[in-house]
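Work through the exercises below with the sequence and the model side by side. Try each task before reading its solution.

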Amino acid sequence: MRNAQVYRWQIPMDAGVVLRERRLKTRDGLFIHLQDAGREGWGEISPLPGFSAETHDEAQASLLAWADAWRQGGSPQLPAQPSVAFGISCALAELAGSLPAAADYRAAPLCTGDPDALFAQLSGMPGEKVAKVKVGLYEAVRDGMLVNLLLEAIPDLRLRLDANRAWTPLRAQQFAKYVNPAWRDRIAFLEEPCKSRDDSLAFARESGIAIAWDESLREEDFRFAAEPGVSAVVIKPTLTGSLDKVRAQVETAHRLGLTAVISSSIESSLGLTQLARIAAWLTPQTLPGLDTLHLMQTQLLRRWPDSPLPLAGVEALETLR
Ligand SMILES: O=C(O)CCC(=O)C1=CC=C[C@@H](O)[C@@H]1C(=O)O
Ligand SMILES: [Mg+2]
């Protein structure tokens with residue numbers, strides 16, 4: 001007997017989480033729980049406002065329709081919306097036992113600008129020291145100085161930076177000017193420096209700082225390609241689609257010699273632990289970008305090892321059907 005249960009949930013966020021210039025007070029999402037022949041699988045569907053094209057309500061409508069069809073014994077096609085396709089495909093993979101259980105719970109810590117705090121976080125980290133810093137929110141000069149300070153203070157640190165397309169070519173140049181040339185190769189990559197891909201490519205060529213694509217992956221005319229100055233692609237499965245599509249993108253990136261970084265779309269601990277499993281499975285050589293749980297006030301259903309946040313169970317979810 002098949003059963004498919006859909007749940008809705010809402011998690012309060014830390015006070016200061018700002019996404020695309022709007023404050024994210026709560027994270028809203030859905031879970032699907034599939035049961036069949038004594039096996040089960042969970043999946044998370046949580047479109048990210050400002051990043052996902054589909055809304056929560058649109059995702060919910062197609063998830064419920066898919067669940068109805070599946071419950072009746074069919075193999076309905078995955079819905080087209082990326083968040084829905086991803087969540088359902090994770091639940092199906094758990095059910096089929098095809099999503100390996102081993103996980104990579106290391107995550108490149110997100111640094112807020114305090115080198116002492118980062119130093120403390122990194123000193124407990126086994127293996128390579130990699131951290132991620134958001135740039136582009138303040139003056140480019142301030143960003144440049146912070147990056148210099150971190151690289152100077154922690155000699156074996158490598159940084160991932162993310163400008164979310166905030167810079168004009170001039171601002172990007174100002175930033176680069178402040179980063180000590182001897183340390184530029186310790187910037188593993190800078191995600192999306194400028195508004196256009198051409199400006200970002202020109203920045204990489206001129207500054208010698210490697211860049212990575214993130215937002216670009218969602219553009220209609222984007223193609224995976226090996227280009228001078230591009231070292232990585234950031235793959236956010238909730239914004240990408242089914243597990244098959246995520247796997248195909250990782251394989252394409254690897255074939256082109258690019259690093260593929262599995263990254264969070266601010267999922268709950270359930271989705272985040274699945275991303276840690278996907279990263280261990282598909283990108284075992286690369287530290288995933290999953291340090292976002294601390295932005296939330298609680299975990300749901302599955303615990304992220306060592307997180308001090310309280311864990312809420314099924315009773316905290318709203319049952320839809
Ligand atoms: O990639 C990571 O290391 C963590 C996730 C992360 O940085 C992001 C998640 C979701 C939205 C963005 O603000 C941001 C990003 O742009 O990559
Ligand atoms: Mg990014």
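**Exercise 1: a ring pair across the chain**

At 33% relative accessibility, Y105 counts as partly exposed. Buried means under 20% relative accessible area, exposed over 50%, and partly exposed in between (1.4 Å probe, protein chains only).

This is a predicted model: local features need pLDDT of at least 70, side-chain atom pairs count only at pLDDT 80 or more, and totals for chains, interfaces and linings use all residues. Residues are numbered from 1 along each chain as its sequence is written, chains are lettered from A and ligands numbered from 1 in the order in which they are written, and side-chain values use heavy atoms, with hydrogens and water left out.

Task: classify the ring pair of Y105 and W304.

Solution. 
- Step 1. Two values are needed: a pair of aromatic rings is described by the distance of the centres and the angle of the planes.
- Step 2. Recall the rule. Rings of Phe, Tyr and Trp (its six-membered ring) pair if their centres lie within 6.5 Å; planes under 30 degrees apart count as stacked, over 60 as edge-to-face and the rest as tilted.
- Step 3. The centres of the Y105 and W304 rings are 5.1 Å apart and the planes stand at 80 degrees, so the pair is edge-to-face.
- Step 4. Y105 is in the loop between α2 (82–96) and β6 (110–111), and W304 is in the loop between β13 (299–300) and β14 (311–312). Helices here are DSSP runs of H or I with at least four residues, strands are runs of E with at least two, and numbering starts at the N terminus.
- Step 5. W304 is buried, with a relative accessible area of 10%.

**Exercise 2: positive phi**

Task: A37 and E192 each have a positive phi. Which is buried and which exposed?

Solution. 
- Step 1. Phi of A37 is near 50 degrees, in a residue other than glycine. A37 lies in the loop between β4 and β5 (39–45).
- Step 2. A37 is exposed, at 71% relative accessibility.
- Step 3. Phi of E192 is near 45 degrees, again in a residue other than glycine. E192 lies in the loop between β9 (187–191) and α6.
- Step 4. E192 is buried, at 0% relative accessibility.

**Exercise 3: the surroundings of L295**

Task: which residues does L295 touch, not counting residues up to four places away in sequence?

Solution. 
- Step 1. Locate L295: the loop between α9 (269–282) and β13.
- Step 2. L295 is buried, with a relative accessible area of 17%.
- Step 3. Contact means heavy atoms within 4.5 Å. L295 touches M13, D14, V17 and I266.
- Step 4. Compare sequence and space. L295 and G16 are 279 residues apart in sequence and 8.3 Å apart in space, C-alpha to C-alpha.
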